[in-house]
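Here are my notes for your review. Please read them with the model open beside you.

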Amino acid sequence: MAKLDQIDIAILEALQQEGRMTNVALAKQVGLSTTPCLERVRSLEEAGVIAGYSARLSAEQLGLGLTVFIEVAMERTSEAAFEAFRVAVLDIPEIQECFMVAGGFDYLLKIRVPDMASYRVFLGKVLSGIPGIRVTHSYTVMEEVKESSALSLGHLGAKLE
């Protein structure tokens, strides 16, 4: 884990809220002059703490209003089966997130599609085309209560005290 101080944490928190913030505004917010602030941001980028920048898009406004979580259990739990599954899901744009998990199934997928008809096509033609899947269980999202890509950094500040 990278060694961070309070200013680094403040920079990370600010950039999580507004990734397009100018260096001048960021420096002012964290109490630095612009050059040291820019140097710290570059250092955080080079260390891989800041992995990149992106725009948050509205799935609803882009016609991807249905979110579904899918539990996937594999026929075999071999390294070859896991690798084949991993390679297959990387090329499926509807799959927004995929996690290998411990427990009663092997993978948890988060997909976004326009509607239920599109989801049926996804299940019947896309997901069923991935070799090695034994069974799936789907959970359709009725209401999005919270969605965030921001990481909680509170534990970092507590280590500094």
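1. In which helix does Arg86 lie? Arg86 sits in helix α4, which spans residues 79-90. Note that this is a predicted model. Arg86 has a relative accessibility of 40%, so Arg86 counts as partly exposed; the cut-offs are under 20% for buried and over 50% for exposed. Arg86 and Asp115 are 29 residues apart along the chain. The C-alpha atoms of Arg86 and Asp115 are separated by 25 Å.

2. Now the sheet. The sheet is open and has 4 strands. Their order is β2-β3-β1-β4, and the pairing is antiparallel. At the edges are β2 (95-100) and β4 (133-140), each of which pairs on one side only. On average, neighbouring strands are turned by 20° against each other, direction ignored. Helix α5 (residues 116-126) packs on this sheet. Helix α5 touches β1, β2, β3 and β4. The direction of α5 makes about 20° with that of β1.

3. Next, the pairing of β1 with β3. Strand β1 covers residues 66-74, and strand β3 covers residues 107-113. The two pair in the antiparallel sense over 7 bridges. Phe69 stands opposite Lys110 of β3. Glu71 stands opposite Leu108, also in β3.

4. On its other pairing, β3 meets β2. These strands run antiparallel and are joined by 5 bridges. Glu97 has Lys110 of β3 as its bridge partner. Lys110 also stands opposite Phe69. The hairpin of β2 and β3 has 6 residues between the strands. In that hairpin, Gly103 takes a positive phi near 135°. As a general point, side chains in a regular strand alternate between the two faces of the sheet.

5. Why is β3 described as largely enclosed by the rest of the structure? Of the 7 residues in β3, 6 are buried, so the strand is largely enclosed. Buried here means under 20% relative accessible area.

6. The helix pair α2 and α3 deserves a look. Helix α2 runs over residues 23-30 and helix α3 over residues 34-46. Their axes come within 9 Å and cross at roughly 100°. The two helices are therefore roughly perpendicular to each other, since that term covers angles of 65 to 115 degrees. On the α2 side, the contact is made by Asn23, Val24, Leu26, Ala27 and Val30. On the α3 side, Thr34, Cys37, Leu38 and Val41 take part. By class, the contact has 7 nonpolar and 2 polar residues, with no charged residues.

7. On the cysteines: how many disulfides does the structure hold? The count is 0. Cys37 is buried, with a relative accessible area of 0%. Cys37 is also one of the α3 residues in the contact with α2. Cys98 has 30% relative accessibility, so Cys98 counts as partly exposed.

8. Last, Asp8. Is Asp8 buried or exposed? At 10% relative accessibility, Asp8 counts as buried, because buried means under 20%. Asp8 lies in helix α1, residues 6-17. Leaving out residues up to four places away in sequence, Asp8 touches Lys3, Arg40 and Leu44.

Notes. Residues are numbered from 1 along each chain as its sequence is written. This is a predicted model: local features need pLDDT of at least 70, side-chain atom pairs count only at pLDDT 80 or more; totals for chains, interfaces and linings use all residues. Side-chain values use heavy atoms; hydrogens and water are left out. Two strands pair if DSSP finds at least two bridges between them. Axes are lines fitted to C-alpha atoms, for helices over the stretch in contact, and angles run from 0 to 180 degrees between N-to-C directions. Contact means heavy atoms within 4.5 Å. A disulfide is a pair of cysteine sulfur atoms within 2.5 Å. Buried means under 20% relative accessible area, exposed over 50%, partly exposed in between (1.4 Å probe, protein chains only). Angles under 35 degrees count as roughly parallel, over 145 as roughly antiparallel, 65 to 115 as roughly perpendicular and the rest as oblique. Ala, Val, Leu, Ile, Met, Phe, Trp, Tyr, Cys and Pro count as nonpolar, Asp, Glu, Lys and Arg as charged, and the others, Gly among them, as polar.
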